[in-house]
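Trainee: I'm new to this one and would like to learn how to read it. Could we start with the charged side chains?
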Amino acid sequence: MHTLFMMNKILITLQIYLFLCITYMFAEPAGTWRLYNSYTNISKVEPFGNYIFALCDGNLFSYNTTDHSVTEHNKLTGLTSQNIVNIAACKTAKKLLIIYEDYTIDFLPTDFAKEVTTLVGLKEKLTSKDKAITDIHVNGKYAYLTTEELGTLKINTLSGTIEETYTHGEAIPDDERATMTVDEYKTLSGDAKPDGPSDNNFFRLYLNKHKLYATNGIADGPTLITRDGVVHCADLTNGVTWADLPVPNLYRQSYDYSTTLCMAFDPNDETHIFVGAKTGLFEYRNNTFVKSYNIENSTLTSSDLNPKRTYVTSLLFDKEQNLWAFNGFFNMLSIHKMSQNGTWEVLDCKTNNIATQNRSLEGAFISKSNGLLWFTNSNWDRSGLYALNMETQTLDSYIAFINQDGQLVNTNPYFFRPTEDAEGNIWLPTTNGPVYISSQDIAEKNRVFTQPKINRDDDTELADYLLGEVYCYVIAIDKAQRKWIGTKDAGIFVISADNTKEVSHFTTENSPLPSNEIYDIVIDKNSGIVYIATIKGLCSYQTDITSDYGTLNEDNIYAYPNPVSPDFTGPITIKGLYEQCQIKITTPSGYIVHKGIVSGGSYKWDGCDQNGDRVASGVYMVLVETPEGSKGCVTKIAILK
């Protein structure tokens, strides 16, 4: 019996080894978050033993002087907040004090072996006085934090508590910390720092040929922002590596390069890129600046607000390779088209019968279902949705947003980009939640917008408008037709495909989101990764929806984790599937241990059989039957015990 058991164990081990040789094992599991912080400008360093801690663009990393490695420290590694304003090392407590913009204070053990502890007393203190920390002294186990108007707080770094408050003028013990300048750190380390974007300013996101691009400025909206012209670029093909598009050489030209707003990519040449900015249009080829366009060499117009500004707020290519450019901040809806040979023409039309200024023309795209070019006008006075017939050059406008109940939907003061779902419905984020105009209403020229409703969880059979009181900035739709809705101050809501359920709600309190103010969301349809631009930086989230949603391709179906280690207790995710597939997990002999139906692009198995017991060690077959009746083994899962 013992010999038979050993032979079976050897056989299972061999099966697992052979299986691992051919298994895809590089994807991150669903639910994985990543932060993409900037580490360009080091403002302070704190040496401590074999480590040097560096405060950089509101973020923190450490440099190991022994092995010369750098390590990021953020919400993914246990920190509790975002935007660090000061740090101080305490030798006695072997902790690093981390002070945030919101007055939260973290204590990071400098050996990284223990969990971070947090002091929120200063953050939660209700006072009209300025709580800003102006100086830090560390002596023994105590840290003395001098504030602008509250005096000096004496903090016990061992217990993480405020023990006493001194008034201004009282003596404070000498600071015992070791010192190091930023220049000394750069000389010692060779300016070592983690890779990341050049800054934390992200506004509009674009995916093009395995690269993520981001513009950095806001044309209009809650805050008018002017920044240096920057376009971030992340190469996603081998990890994530960061660079910026080169700054154009505009020597002796009357226009500068300021506040990038939008982008467009030549569908026949991935290296041919256009960037719209507050100062015109900029063309790149092979990562090299080619030419700028403004009032001097194109039909583009200057802003009525500032004649030195030529706002290009939206761009797109049509099927004939013409580039369409939308001119913001002009008293007409100024739409321009540049042909492949560089010839410009312009279509101008008034916003409506009432004289009103166009502001930021946003989110232009060509509908796959009706062929119209859709865009919005974000205007504090009167926002609008527009549909342009590019052949007849006729424009249809939607100014009053009346919902299915005959009620006016508030879209002011600002109103952002439209998007289209798989059924041809055009969705809009508004001040009062998401709305859409259905494909049928578009075809029948009806001007009725639908506000989805969610039934109340009671016996009244009443329903409320979906996010009816939430100020929404952006809507992105994944391949399972779930709506990812970014908001002004409530984080991200994920809504089911039928618009009746809240699938998830991510905020800074329950996730690593850098901020609850979401500027943009784009979804990589190949990897299922959601990229999120916030007012405080960029992050991403791995969804369970894959590129093969709707197409069963065995080459792209895999399980994660695989093999399943003995100490793993979470769900096993099978990716690359699609809606309503029937799934069966069997032993090699065909005995069914688990079965279910796929919802979305993946399936999660808890590793238990149909009786709820953990399955034994071995290799298990994943069998799938599609709604069309196709059957087959698509992958295998190795269980180790």
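Mentor: A salt bridge here is a side-chain nitrogen of Lys or Arg within 4 Å of a carboxyl oxygen of Asp or Glu. Side chains of opposite charge can pair when their charged atoms come close. The model is predicted, so local features need pLDDT of at least 70, side-chain atom pairs count only at pLDDT 80 or more, and totals for chains, interfaces and linings use all residues. Residues are numbered from 1 along each chain as its sequence is written, and side-chain values use heavy atoms, with hydrogens and water left out.

Trainee: How many salt bridges does the count come to by this rule?

Mentor: The count is 13 salt bridges. Take Lys 123 and Asp 102, whose closest N and O atoms are 3.6 Å apart. Lys 123 lies in helix α2 (residues 121–124) and Asp 102 in the loop between β7 and β8, so this pair ties together parts that are 21 residues apart in sequence. Helices (H or I, at least four residues) and strands (E, at least two) are DSSP runs, numbered from the N terminus.

Trainee: Now the strands. How do I read a pairing?

Mentor: Two strands pair if DSSP finds at least two bridges between them. Strand β6 (residues 84–90) runs antiparallel to β7, with six bridges joining them.

Trainee: What sits between β7 and β8?

Mentor: Four residues, in a hairpin; Tyr 103 in the turn has a positive phi of about 75°. The β6 and β7 hairpin also has four residues between its strands, and Lys 94 in that turn has a positive phi of about 55°.

Trainee: How many residues of β7 are buried?

Mentor: Six of its six (residues 95–100). Lys 95, Leu 97 and Ile 99 cover one side, with Leu 96, Ile 98 and Tyr 100 on the other, and all are buried.

Note on methods. Buried < 20%, exposed > 50% of the residue type's maximum accessible area, 1.4 Å probe, protein only.
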